[in-house]
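Hi everyone, thanks for making time.

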Amino acid sequence: MIQDLWYKNAIIYCLDVETFMDSNGDGVGDFEGLRRRLDYLSGLGVTCLWLSPFYASPNRDNGYDVRDYYAVDPRLGDLGDFVEFAHAARNHGMRVIADLVVNHTSNEHPWFREARQNERSKYRDYYIWSREKPKDADKGMVFPGQQTTIWSWDDAAQAYYHHRFWEHQPDLNIGNPEVQREILKIMGYWLELGVSGFRVDAVPFMIDDKNPAFSEQEGWQFLTTLRDFLSWRRGDAVLLAEANVTMQEAPKFFDDGQRMQLVFNFFANQHLFLSLVDEKAEPLAAALQKAPELGDLAQWAQFLRNHDELDLGRLSERERQRVFAALGPDKDMQLYDRGLRRRLAPMLGGDIERLELAYSLMLSLPGTPVFWYGEEIGMGENLALEDRHSVRTAMQWTSGPSAGFSRSSQLVRPPVNTGPFSPEHVNVADQRRAPDSLLSRVERLIRKRKECPEIGWGEARVLNPHNPHVLALHYSWKDGALVILHNFARTPQTAKIDLKDEGAEVLCDVFTGEPQRGTRPLEIELPPSGFRWLRVGEGDRALREHHGQQALARSGKTS
């Protein structure tokens with residue numbers, strides 16, 4: 001089967017429907033509100049929307065506790081509203097991927113309710129039970145400090161049930177063929193309603209050995225089954241895996257693109273923040289060099305922030321403490337002893353040059369960039385909200401009441417209402433009118449990223465810039481090549497790049513069109529927190545045009 005590789009050069013934007021735009025004034029975002037904002041997303045350059053869970057749910061975990069996989073949370077609309085939204089997104093040239101949350105359900109799901117009441121029901125085996133509390137019940141908790149066990153007692157069932165996450169989210173027994181068929185039905189249902197794939201939640205926990213009758217190899221085979229089903233039902237659909245794993249483990253999740261086409265690069269993400277804090281390129285460069293070679297169908301998903309905490313668990317304790325000290329020194333900013341519950345802009349002190357550097361990095365790292373809503377305008381977090389809700393606040397559209405998100409003053413999750421990141425200072429309307437705003441800069445970066453297919457399609461390698469503050473990447477694809485430089489330091493730096501193997505003495509700046517010429521190796525100046533995207537192979541032509549324009553100017557003529 002021929003695979004459509006649209007995701008190689010996609011711009012993915014993640015949002016939570018309930019916090020994006022409210023159309024009916026109840027203080028909760030909905031699909032109609034999202035539909036009305038598609039023009040904005042299209043103008044930004046988004047080509048794919050990833051929706052956080054929008055299923056019927058008690059909403060004790062931001063929708064990740066699903067009560068009904070075949071229904072829309074009534075606060076957000078109904079299935080008709082979803083279909084209208086999906087149709088409109090398609091007309092705007094945007095695909096939609098949904099969150100597939102099948103490691104666990106809500107304890108209010110009908111399957112679990114019957115399972116706990118009737119031991120002879122087929123749904124009993126949809127979950128994992130034990131008459132005795134396992135000895136390792138306090139090991140492997142996802143939320144240390146807030147979670148005390150992964151096995152909880154149920155009075156009705158007279159047994160312990162397994163839950164890797166919260167007590168109200170019992171784990172499904174993925175080893176049960178009936179459960180596997182249910183998962184495929186869920187996927188098939190939403191594929192028929194127009195989605196182009198799924199972001200698969202908590203993938204590593206779907207294949208662990210919590211069920212002795214389900215081997216690890218069977219777990220990997222199930223991931224292959226998911227991909228086979230997806231590809232047969234819709235040839236252009238993708239699976240994007242949430243898998244915070246080591247570089248050694250990652251190839252199994254990809255399987256040369258035969259399992260997951262996309263996997264989030266948590267390892268690079270954490271070392272990117274270490275590089276920003278240390279003002280040194282080495283942590284990120286080393287992380288990129290440790291990445292395994294991927295097959296033609298496989299791709300990393302690169303990101304800066306998402307709906308969870310900024311997880312720093314892959315860093316050493318000393319490295320993590322350095323990041324904490326620089327980006328979130330207060331205990332209230334930290335979470336689970338491993339991460340930060342902050343958004344990017346306040347972590348970087350609102351410094352627009354540092355923010356632009358970070359977005360240039362995300363958009364030019366090997367893989368597909370994934371934005372978290374509101375990051376493009378530099379939204380801040382509301383630390384008055386508990387847990388990870390701090391970064392899941394209402395989108396800030398205007399400086400007016402309720403940030404232009406709703407006519408109601410009672411919002412599902414209000415933004416911070418004072419200080420430099422309040423809607424008065426950070427909103428879409430004001431930044432759209434300002435050519436040098438963060439939003440305008442991000443739009444330009446996205447436009448150039450889409451004009452540089454080498455990044456998504458090409459072969460990437462880390463170059464030696466002969467400067468510890470500079471990250472140098474080289475991309476080549478077909479007849480095109482790029483050199484991309486980022487200066488992590490807050491002082492000017494010089495990078496020395498030797499491209500003698502390509503016979504290139506002149507590079508062309510992707511943003512300005514100006515040629516860069518010099519002796520080998522090329523010496524390229526970078527301003528503080530600056531970056532350059534340079535095209536190889538068009539430099540000679542650009543240089544001739546540049547000299548021609550200068551000659552015309554000297555002669556008083558115009559072209």
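I'll start with the overall fold, then go through the pockets and cavities, and end with a few helices and single residues.

A word on ground rules. This is a predicted model, where local features need pLDDT of at least 70 and side-chain atom pairs count only at pLDDT 80 or more, while totals for chains, interfaces and linings use all residues. Residues are numbered from 1 along each chain as its sequence is written, and side-chain values use heavy atoms, with hydrogens and water left out.

Okay, the whole chain. You're looking at 17 helices and 24 strands; these are DSSP runs, numbered from the N terminus, with helices being H or I of at least four residues and strands being E of at least two. The C-alpha trace spans about 90 × 50 × 50 Å along its principal axes. For 559 residues, a compact globule would have a radius of gyration near 24 Å, and the chain has 25 Å, which agrees. That radius is taken over C-alpha atoms, and the globule rule is 2.2 Å times the number of residues to the power 0.38.

How much of the chain counts as buried? It's 60% of the 559 residues, where buried means under 20% relative accessible area, exposed means over 50%, and partly exposed is in between, using a 1.4 Å probe and protein chains only. As for contacts (heavy atoms within 4.5 Å), take the ones with a separation of 6 or more: residues 24 or more positions apart account for 68% of them.

On a 1 Å grid over the protein atoms alone, a cavity is a set of points where a 1.4 Å probe fits but cannot get out; a pocket is an open set with protein on both sides within 12 Å along at least five of seven lines; and lining residues have an atom within 4 Å of a point. Points are joined across faces, edges and corners, and a volume is the space filled by probe spheres set on the points.

The largest pocket has a volume of about 830 Å³. It has 41 lining residues, and nearest its centre you'll find Val-142, Pro-204, Phe-205, Glu-242 and Asn-244. The lining splits into 16 nonpolar, nine polar and 16 charged residues. For those classes, Ala, Val, Leu, Ile, Met, Phe, Trp, Tyr, Cys and Pro are nonpolar, Asp, Glu, Lys and Arg are charged, and the others, Gly among them, are polar. Elements that each supply at least two lining residues include H6 (203-206) and H7 (216-233).

The second largest pocket comes in at about 700 Å³. It is lined by 24 residues, with Glu-293, Leu-294, Gly-458, Glu-459 and Ala-460 nearest the centre. Which strand gives the most to this lining? That's S17, with four residues. By class, the lining has 13 nonpolar, six polar and five charged residues.

On to cavities: there are four of 30 Å³ or more.

Next, helix H11, residues 317-327. Arg-320, Val-323, Phe-324 and Leu-327 are buried. They cover an arc of only 100° around the axis, which puts them on the same side of H11; the arc is that of the directions from the helix axis to the C-beta atoms. Over on the other side, Arg-318 and Ala-325 are exposed. The buried set packs against H9, S14, S15 and H12.

H10 has buried residues too: Pro-283, Leu-284, Ala-285, Ala-287 and Leu-288. Their packing partners are H9, H13, S17 and S18.

Last, a few loop residues. Asp-201 sits between S9 and H6, and it's buried at 6% relative accessible area. Not counting residues up to four places away in sequence, Asp-201 touches Tyr-64, Asp-99, Leu-100, Val-101, His-104, Met-206 and Glu-242.

Then there's Asp-256, in the loop between H8 and S11, with a positive phi near 55°. Is Asp-256 buried or exposed? Exposed, at 52% relative accessible area. Tyr-336, between S14 and S15, has a positive phi near 60°, but Tyr-336 counts as buried at 6%.
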